[in-house]
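Thank you all for making time this morning. Please have a look at the sequence and the model on the screen, and then I will walk you through a few parts of them.

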Amino acid sequence: MPAFALPFWFPRLRPPALPGRVLAGLGWLTTPLSPDDYLGLVDPLLSARHPAGVVTAVRPETADASTLVIRPGRGWAGYRSGQYVPVGAELDGAWHWRTYSLTSVPDAPGGDVTITIKADPRGKVSPYLVHRAPPGTVLRLGPAQGEFVLPDPPPARMLFVTAGSGITPVMGMLRTLAGRSGPAPDVVLLHSAPRPDACLFRAELAGLAARVPWLRLHLRYTRTAGRLTVGDIGALCPDRRAREIWACGPAGLLDVVREHLAWRNVAQERLHVESFRPAAPPAPAVGESGGRVRFGRSGVAAESPASVSLLETGESAGVPMPYGCRRGICFGCLVPLVDGRVRDLRTGGVHGEPGELIQTCVNGATGPLVLDV
Amino acid sequence: MTATVLPMTLVDRTEELGEELDRLRSEVIAMRGADDARYIRTVIAVQRGLEAGGRLALAVSLMPPAWCAGTAMLTVAKILENMELGHNVLHGQWDWMGDPAIHSTTWEWDFASPADAWKRTHNHLHHTYTNVVGRDRDLGYTILRMSPEQPWRPVHLLQPLYAALLAPVFEWGIALYDLEADSVVAGRKSVRSFLGEIANLGRKAVRQSAKDYVLFPLLAGPSALPCLLGNLTANGLRNIWAHTVIFCGHFPSDVRTFTEDDIDGESRGQWYLRQIQGSANFGGGFLLHVLSGNLGHQIEHHLFPDLPSNRYDEIAPRVRRLCGKYGVPYVTGPLWRQYLSMWGRVVRHALP
């Protein structure tokens with residue numbers, strides 16, 4: 001049951017399918033803008049350049065997790081079961097991007113997608129999406145991505161090993177399999193959660209296992225039963241060597257699975273892994289040393305002291321860095337941040353999210369980071 | 001031009017002034033939020049609405065009221081687009097929103113000069129070397145003589161004339177100036193990149209001209225001619241307005257110029273000081289400030305070119321108080337007075 005319903009007056013427009021040639025022609029009239037810029041102004045869902053979706057319902061799953069039902073707009077290019085989607089949420093006027101696994105069935109009628117999010121109490125975006133984003137909220141959607149996907153056709157035997165919110169991409173795959181007619185593969189799911197009331201999709205998983213013959217479910221509550229061990233996998237799934245394996249969860253779980261496979265001599269190519277990185281790292285203390293900067297496209301890495309700008313570090317390492325005023329004024333030196341965080345040398349403030357454009361002339365390293373230059 | 005002599009105590013306190021301005025900047029950055037985002041989106045919506053309305057009205061502009069309304073709407077739309085949106089977005093004032101649709105790296109504007117060329121000559125050269133004779137290419141746009149440090153040549157006798165003629169075609173003047181042909185002659189810029197920039201400008205010029213002078217008039221059918229005239233008028237008025245605002249920002253007679261020696265080893269405090277002394281404000285209400293891209297707060301803009309323009313009005317009294325405290329002249333006045341003062345300077349330096 002949706003916790004909220006959309007007001008009846010909420011527009012349910014289907015984006016019109018305008019042929020590309022018409023839009024290109026209209027572009028001569030809207031130049032230097034594109035017709036898309038006007039469409040997006042009328043309704044953000046009509047924009048193809050900046051794909052967006054509207055939250056149509058928010059369903060609480062556990063005390064700190066919710067499922068968001070999202071109606072994607074014109075720019076949404078679809079996805080494969082198991083992929084994740086970059087989601088942009090506007091908080092205090094600024095867009096923040098996070099990735100979440102899609103839990104819906106790709107070719108479901110209506111085309112709505114769902115993501116299930118667990119709130120990280122230290123985080124900024126997930127608590128907002130889980131507890132506060134009302135239906136009607138417009139989110140930006142990046143292109144679905146990831147290779148942790150359900151093959152088509154699926155292999156005859158599959159083993160899923162998941163923990164915590166690592167169940168989310170697998171839930172999408174199970175729903176996809178359950179929605180198909182014809183023979184389903186034989187599936188074993190080993191899922192760990194701290195407690196029953198913190199277990200995502202507990203009722204749905206149990207119901208599905210009872211209803212379909214092809215799913216064997218082992219739920220493990222780690223507060224009482226302890227964490228999954230290398231030996232448990234073999235005990236719970238004796239024929240694991242005949243199975244293709246998907247593992248998703250915290251690093252500890254993935255280590256257990258890898259160790260098990262190495263121990264059992266199972267070919268690594270039969271293993272698909274998706275790791276959930278821990279949320280934002282703790283802010284470093286002021287005065288902390290810099291970090292190692294990798295310049296992704298140039299293939300160069302260099303040590304960057306805390307007080308030195310990324311621009312200087314890049315230039316002394318021979319990277320062709322864009323530059324301008326070198327004073328933080330002109331924004332001629334913007335470079336996308338791929339990974340890590342930076343410190344504003346003027347204010348000492350630490351910031352940076354993947355994809356954010358960084359003024360390299362006034363930001364320094366704080367820990368290891370990767371720049372797309 | 002009056003080279004204001006600063007009291008010696010100020011020189012010692014320049015860094016203190018710089019720190020106070022840094023604190024002011026941090027304060028505004030900490031305050032930026034949903035209200036600012038709503039502001040810029042509202043301006044965008046109003047601008048695009050006016051543009052669409054203006055185009056529609058000009059499509060039936062055989063009727064005189066439609067011509068007047070359409071031309072007025074399109075003029076205001078173009079002014080908003082250049083001043084409060086284009087200029088300020090290209091400065092990176094809204095990059096903090098992380099919205100790729102309102103970002104200095106993705107924005108293109110309804111002005112002849114391509115955004116990339118403009119960002120280099122304006123954001124980098126002009127804002128870094130504000131009013132440094134020989135470095136700030138904005139100063140006099142290389143063809144005007146605006147200070148006694150510039151050598152006089154007989155051609156300068158004509159400068160009041162060509163400064164006035166520049167106004168209605170200002171965007172094309174800027175576009176040519178952004179090509180920096182003199183840098184190629186001086187060997188500071190390669191012929192190859194120069195040709196690349198000419199091609200960029202050419203492509204943009206074709207689209208810009210086609211839109212205003214061919215396609216919309218053709219679509220207007222029987223109203224083609226009035227539509228064309230409306231578009232010409234809107235572009236011309238926008239050019240005159242942009243010319244006025246920009247000339248009033250740096251050329252009123254109390255504004256200082258600097259030499260390259262002045263900026264040798266310049267500290268942050270001294271840089272701030274030069275920005276204040278090299279800029280002039282003009283007063284007005286909310287509407288005047290929005291239509292001038294908040295460049296009536298030229299001093300605040302030059303101190304903090306990357307702060308959202310809607311915040312300049314709020315910090316202006318505090319900047320002015322700081323200037324009073326440190327004895328730095330804060331040049332401001334009504335627009336008409338700054339405008340006359342600017343012309344006075346153009347005429348005065350036309351003579352040796």
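A word on conventions: residues are numbered from 1 along each chain as its sequence is written, while chains are lettered from A and ligands numbered from 1 in the order in which they are written. Please keep in mind that this is a predicted model, in which local features need pLDDT of at least 70 and side-chain atom pairs count only at pLDDT 80 or more, whereas totals for chains, interfaces and linings use all residues.

Chain A has nine helices and 19 strands, where helices (H or I, at least four residues) and strands (E, at least two) are DSSP runs, numbered from the N terminus. Of the 373 residues in chain A, 42% are buried, a term that requires 20 or more other C-beta atoms, placed from the backbone, within 10 Å of the residue's own.

How is chain A divided into domains? The assignment, which is automatic or taken from a database, gives domain 1 (20-141), domain 2 (157-275) and domain 3 (291-371), and the C-alpha centres of domain 2 and domain 3 of chain A lie 40 Å apart. Separately, an unreviewed UniProt entry lists residues 47-151 of chain A as "domain: FAD-binding FR-type", and such annotations may be inferred rather than shown by experiment. That span, residues 47-151 of chain A, is 8% helix and 43% strand.

Now to the strands, where two strands pair if DSSP finds at least two bridges between them. In chain A, β12 (residues 291-295) and β13 (residues 300-304) run antiparallel and are joined by five bridges, with Arg292(A) having Glu303(A) as its bridge partner. The two form a hairpin with four residues between them, and Gly299(A) in the turn has a positive phi of about 70 degrees.

There is also an open sheet of three strands in chain A, ordered β16-β15-β18 with antiparallel pairing, whose edge strands are β16 (350-351) and β18 (363-365). Val342(A) stands opposite Ala365(A) in β18(A).

Finally, 22 residues of chain A are in contact with 35 residues of chain B, contact meaning that C-beta atoms, placed from the backbone, lie within 7 Å. On that side of chain A, α1 (20-30), α2 (35-42) and β4 (94-101) each supply at least two residues.

Notes: Two residues are in contact if their C-beta atoms, placed from the backbone, lie within 7 Å. A residue is buried if 20 or more other C-beta atoms lie within 10 Å of its own, exposed if 12 or fewer, and partly exposed in between; C-beta atoms are placed from the backbone.
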